[in-house]
Amino acid sequence: MADFRQIKAIAFDLDGTLIDSVPDLAAAVNATLQELDLPLTTAEQARSWVGNGAEMLMRRALSFALGTDVSEAKLAASMPRFMHFYKQHLQQHSRLYDDVILVLKQLSAAGFKLAVVTNKPYEFTIPLLKAFKLDSYFSIVLGGDSLAKMKPDPLPLAHILQQWQLTPAQLLMVGDSKNDILAAKAAGIASIGLTYGYNYGEDIALSSPAAVCEQFNEISALMNVTAESMEQ
Ligand SMILES: O=C(O)COP(=O)(O)O
Ligand SMILES: [Mg+2]
């Protein structure tokens with residue numbers, strides 16, 4: 001079993017890890033497609049387009065609807081519309097995955113520093129964390145546009161190592177996508193891959209994270225935090 005005894009801080013991915021956000025992302029994609037008189041998509045299809053930020057989501061959605069690569073001009077014109085629709089309904093159909101709050105409470109009580117490293121634009125990330133009462137658990141929150149590069153680039157994780165003065169052996173990344181695992185590997189840190197999120201329809205185990213979890217609450221046992229550790 002993976003050895004996480006040196007870990008002092010954990011960076012969590014957001015979409016597909018803490019929150020099932022595809023229903024609202026798909027609705028905003030469809031509102032944009034509808035305005036353009038293009039065929040609508042399904043949430044199932046949108047799932048396979050999430051992972052590289054809002055612009056890539058729309059690039060994939062528009063190219064699929066058009067049946068050919070979308071032009072840069074059309075993509076640029078549609079982005080403000082997508083952002084507008086998504087901002088209006090960030091949390092209408094999205095939901096927290098099971099036991100997320102419980103595990104974050106256990107990890108905080110055990111003294112782990114917690115961060116969010118998402119490819120979602122920052123302007124959506126904070127309101128979404130607040131809407132689900134998650135914001136207070138994280139002392140660093142990085143969106144896909146917070147730094148010059150997003151996952152799978154290691155920059156956001158390198159930023160956290162530097163901010164918190166940690167060695168790579170002390171930071172862990174938890175995510176549902178190969179972008180999370182690749183970013184962790186490039187930063188020289190360990191990762192946990194979750195099977196229930198969005199990974200372009202691929203098995204997360206193929207990216208070889210240090211551990212694979214089917215449910216969020218399995219993280220507690222891996223990090224050695226339990227209900228008892230909260231009572232101390
Ligand atoms: O918004 C995305 O494309 C993915 O977001 P995530 O990095 O939180 O999974
Ligand atoms: Mg994700």
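The shell around ligand 1 has three nonpolar, seven polar and three charged residues; nonpolar here means Ala, Val, Leu, Ile, Met, Phe, Trp, Tyr, Cys and Pro, charged means Asp, Glu, Lys and Arg, and the others, Gly among them, are polar. This is a predicted model, where local features need pLDDT of at least 70 and side-chain atom pairs count only at pLDDT 80 or more, while totals for chains, interfaces and linings use all residues. Residues are numbered from 1 along each chain as its sequence is written, and chains are lettered from A and ligands numbered from 1 in the order in which they are written.

Back to the ligand. It is surrounded by 13 residues, a residue being near if its C-beta atom, placed from the backbone, lies within 6 Å. The closest are Leu14, Asp15, Thr118, Asn119 and Lys120. Domain 1 (9-20 + 95-231) and domain 2 (22-88) each give at least three residues to this shell; those bounds come from an automatic or database domain assignment.

Now the chain. The protein chain has 10 helices and eight strands, taken as DSSP runs numbered from the N terminus, with helices (H or I) of at least four residues and strands (E) of at least two. Its C-alpha trace spans about 60 × 30 × 30 Å along the principal axes.

Last, one residue. Leu36 sits in the loop between helix H1 (22-35) and helix H2 (43-47).
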